[in-house]
Amino acid sequence: MFDRRHFIRLLGLAAVPLATAGSWADAGQPVNTLGSSDGVAIRGYDPVAYFRDGGPRLGKPEFSAQHSGATWRFASAEHKALFEANPERYLPAYGGFCAYGTSRGYLVKIEPEAWSIVNGRLYLNYDLGVRKTWLAKTQSYIARADANWPKPEQDAKN
């Protein structure tokens, strides 16, 4: 018999406390590969597309790059080249986990359609309802998420 926690994990909706996240990525910070058996970040969506195309686009396996212990997919060779030239410009905040969830102290899944760009940074959210909540107090949630987000130097001590 499954308990509630196991059932939620099977659905890909697991909430993972930030305190356990330190060992997930090579760089010392977790990357959202929830729902992927082969380490693909943010459900296979192209992080560059949010900036260049104005919204989410599913990446293609032939345009993949490794970064921070995860595989990132891109919709085109051009997007892949832009990412490889400057990954920090295109990486979503908080490893691609839900920004609102991070502000609450948890790493949770995202829906690629629930996104915003604030001050040149991509933020992803759990779903469109959470995105609405996020947009009501974005700066406050960013400050809380920044305070909660694992720091590489802290992770190295654990």
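Mentor: Strand 5 and strand 6 form a hairpin with 2 residues between them, and Asn-119 in the turn has a positive phi of about 50 degrees. This is a predicted model, in which local features need pLDDT of at least 70, side-chain atom pairs count only at pLDDT 80 or more, and totals for chains, interfaces and linings use all residues. Residues are numbered from 1 along each chain as its sequence is written, and side-chain values use heavy atoms, with hydrogens and water left out.

Trainee: What makes strand 5 and strand 6 a pair?
Mentor: Two strands pair if DSSP finds at least two bridges between them. Here 4 bridges join strand 5 (residues 115-118) to strand 6 (residues 121-124), and the two run antiparallel; therefore they qualify as paired. In one of the bridges, Trp-115 has Leu-124 of strand 6 as its partner.

Trainee: How many helices and strands does the chain have?
Mentor: There are 8 helices and 6 strands, where helices (H or I, at least four residues) and strands (E, at least two) are DSSP runs numbered from the N terminus. Along the sequence they follow the pattern α-β-α-β-β-α-α-α-β-β-β-α-α-α.

Trainee: Why is the contact between Arg-52 and Glu-78 called a salt bridge?
Mentor: The term requires a side-chain nitrogen of Lys or Arg within 4 Å of a carboxyl oxygen of Asp or Glu. Arg-52 and Glu-78 have an N to O distance of 3.2 Å, so the pair meets the criterion. This pair links distant parts of the chain, with Arg-52 in helix 2 (residues 47-52) and Glu-78 in helix 3 (residues 77-85), 26 residues apart. A search of the whole structure finds 6 salt bridges; among them is that of Arg-57 with Asp-53, at 2.8 Å from N to O.

Trainee: Why is Arg-52 described as partly exposed?
Mentor: Buried means under 20% relative accessible area and exposed over 50%, with partly exposed in between (1.4 Å probe, protein chains only). Arg-52 has 47% relative accessibility, so it counts as partly exposed. Glu-78, at 48%, counts as partly exposed too. Over the chain of 158 residues, 42% are buried.

Trainee: Is Lys-109 buried or exposed?
Mentor: Lys-109 has a relative accessible area of 12%, so it is buried. Glu-111, with 24%, is partly exposed. Glu-111 and Lys-109 form a salt bridge, their closest N and O atoms being 2.6 Å apart. Salt bridges that share partners join Arg-43, Lys-109 and Glu-111 into one network.

Trainee: How do you know that the charged end of Lys-109 sits over the ring of Tyr-126?
Mentor: The definition asks for NZ of Lys or CZ of Arg within 6 Å of the ring centre and within 35 degrees of the ring normal. The charged end of Lys-109 is 4.4 Å from the centre of the Tyr-126 ring and is assigned as sitting over it.

Trainee: What makes the pair of Tyr-100 and Tyr-141 edge-to-face?
Mentor: Rings of Phe, Tyr and Trp (its six-membered ring) pair if their centres lie within 6.5 Å; planes under 30 degrees apart count as stacked, over 60 as edge-to-face and the rest as tilted. The search finds 9 aromatic pairs. Tyr-100 and Tyr-141 lie 5.0 Å centre to centre with 80 degrees between the planes, which gives an edge-to-face pair. Tyr-100 belongs to helix 5 (residues 99-103) and Tyr-141 to helix 7 (residues 138-148), 41 residues apart.

Trainee: Why is the pair of Trp-134 and Tyr-141 called stacked?
Mentor: Their ring centres are 6.1 Å apart and their planes at 20 degrees, so the pair is stacked. Trp-134 is buried, with a relative accessible area of 0%, and Tyr-141 is buried at 9%. Ring pairs link Tyr-94, Tyr-100, Tyr-123, Trp-134, Tyr-141 and Trp-149 into a cluster.
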